[in-house]
Amino acid sequence: MTSAPPADIAVVPLATGFPAPDRLAWLALVEKTLKGAPLESLTRRTLEGLEILPLYEAAGGSFPAKPTPGWDLRAVVRAADPAGANADALADLAQGAQSLLVRIDPAGVDGLAVGSAEALARVLEGVLLEVAPVALDAGFLGAKAADWLGAAAKGAPAAQLAFHLDPVSAFAAAGESPGPIEAHLISAATVAARLAEPYPRASLFLASGRAAHEAGGGEALELALAAASALAYAKALARAGLPLADAFERIVLGLSVDADYFLGLAKLRAARRVWARLTEACGAPGPARIEARSSERMLTRADPWTNLIRLTASAFAGAAGGADAVVLGAFTDALGAPTAFARRQSRNIQLVLAEEAHVGRVIDPAGGSGYLETLTHEIARAAWSRFQAIEAAGGVARALESGQIADLAARSRAELAARLERREVKVLGVTDFPIEGGEAPELAAAAPHADEAPSPRLPGPDSRCPPLVPVRLEDLA
């Protein structure tokens with residue numbers, strides 16, 4: 001993949017003024033306000049060095065945009081015991097959620113402790129899979145969990161399943177794989193190809209860049225990792241027998257959104273540009289599907305009530321940026337398991353944006369904004385360049401093993417830490433307006449539960465890479 005970015009990833013000309021008859025008078029007022037400092041003194045940069053100017057000219061609408069308004073409100077199910085998880089799932093769906101993301105961890109530490117099809121079926125008892133989509137988050141157990149979910153759907157062709165196979169993210173986060181990472185790609189693609197026919201409405205792989213974001217990486221690196229993962233998954237599915245166009249159609253992009261809603265919004269729009277370029281280059285053009293999850297690195301332990309503000313901003317970024325599904329964590333996630341109250345707040349944030357603010361009634365609300373159009377183009381260009389570098393290194397697995405991706409994430413993380421130290425980036429409740437002895441929110445009582453699960457190990461030597469270790473802004477400050 002070495003072709004140059006196409007015309008639709010061209011930079012919008014940057015403005016030096018304001019498009020009005022009294023531009024000179026307006027600029028004189030600005031100069032007076034800045035006490036003689038040039039307008040360019042207000043220019044800032046993203047973590048990866050992309051310029052953000054203080055003024056932009058109006059711009060035309062962009063392509064491609066999400067074809068339909070609205071988004072899927074997706075709730076996380078992660079209670080360790082199956083009975084509690086089932087109660088949470090049914091409550092979420094009854095109170096506004098439209099779909100579920102089931103996080104699986106047989107040890108019960110960071111997800112649902114299930115290790116068999118029967119256990120997962122108990123969790124989903126009463127959930128109508130033809131109406132409420134169910135997605136998985138199972139790491140290296142993804143292939144086996146996909147079979148469990150397929151069994152729970154009982155062969156119903158109308159079941160709306162998202163198997164979310166994603167061994168690359170599991171490898172990037174852990175720094176190693178139980179057996180060769182290439183074997184995990186083959187195994188996942190084999191299972192996916194087998195499930196594709198009985199479940200024609202199911203998505204198969206999640207091509208996620210979230211590991212780069214959570215490790216401190218910038219927007220371009222996150223998109224590049226997602227695009228490189230998508231290409232690796234599409235190739236694996238093609239080798240397993242799916243036509244390439246069908247393979248891309250069954251892949252969902254997974255991205256993070258944080259409290260900087262302008263950057264998050266532009267990142268999601270840029271993702272559609274990168275996806276369009278990638279699928280066109282592969283001869284299989286088609287629209288992107290995006291699942292946006294709220295950033296974990298932005299959540300704080302200090303004054304956790306301020307996380308509600310950050311979650312609201314990230315939800316707006318996901319919705320206005322054109323995500324097909326938005327997953328919000330709970331405001332207590334940095335402290336422990338969420339209560340019913342915390343889960344309700346996560347749902348209600350999205351419900352207010354959808355039903356009261358009507359954010360979902362407009363297709364691409366950022367279209368025509370000179371600022372957001374330019375930022376979208378700049379992020380897309382930078383992401384495409386980094387994607388090409390990953391492919392030149394031999395693909396996403398090789399780029400992870402060589403440390404190329406970890407090095408880029410480390411650079412952005414160091415820049416982020418420096419900006420926090422200089423107070424250029426502020427964290428409400430931590431660097432600014434901290435509250436001593438504030439009321440602590442209630443956490444869900446720990447319910448230790450574990451289940452035996454089949455080993456995800458595959459034959460052959462383990463693969464290793466420098467891990468993309470998650471960070472929190474609070475800890476960098």
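A residue counts as buried when its relative accessible area is under 20%, as exposed when it is over 50%, and as partly exposed in between, with a 1.4 Å probe and protein chains only. The model on screen is predicted, with residues numbered from 1 along each chain as its sequence is written, local features needing pLDDT of at least 70, side-chain atom pairs counting only at pLDDT 80 or more, and totals for chains, interfaces and linings using all residues. Side-chain values use heavy atoms, and hydrogens and water are left out.

Begin by selecting helix α5, residues 167–174, where 6 of the 8 residues are buried; helices (H or I, at least four residues) and strands (E, at least two) are DSSP runs numbered from the N terminus. The buried residues of α5 are Pro167, Val168, Ser169, Ala170, Phe171 and Ala172. Step just past α5 to Gly175, which takes a positive phi of about 85 degrees.

Rings of Phe, Tyr and Trp (its six-membered ring) pair if their centres lie within 6.5 Å, and planes under 30 degrees apart count as stacked, over 60 as edge-to-face and the rest as tilted. Select Phe163 and Tyr199, an edge-to-face pair at 6.4 Å centre to centre with 65 degrees between the planes. The two residues are 36 apart in the chain, Phe163 lying in strand β6 (residues 161–165) and Tyr199 in the loop between α6 (181–196) and β8 (203–208). Phe163 is buried, with a relative accessible area of 1%, and Tyr199 is buried as well, at 2%. Then select Tyr56, Tyr261, Phe262, Phe316 and Tyr371, which form one aromatic cluster.

Finish with the cavities: on a 1 Å grid over the protein atoms alone, a cavity is a set of points where a 1.4 Å probe fits but cannot get out, and lining residues have an atom within 4 Å of a point. The search finds 2 cavities of 30 Å³ or more. For the largest cavity, with about 180 Å³ of space, select Lys66, Ala320, Gly321, Gly322 and Asp364, which lie nearest its centre among 23 lining residues. Helix α10 gives the largest share of that lining, 3 residues.

The second largest cavity has a volume of about 50 Å³, and its lining is Leu223, Ala226, Ala227, Leu253, Ala271, Val274, Trp275 and Leu278. Here too the largest share comes from α10, with 4 residues.

Technical notes: 1 Å grid on protein atoms, 1.4 Å probe; cavity = no way out; pocket = protein on both sides within 12 Å on 5 of 7 lines; lining within 4 Å. Points joined across faces, edges and corners; volume = space filled by probe spheres on them.
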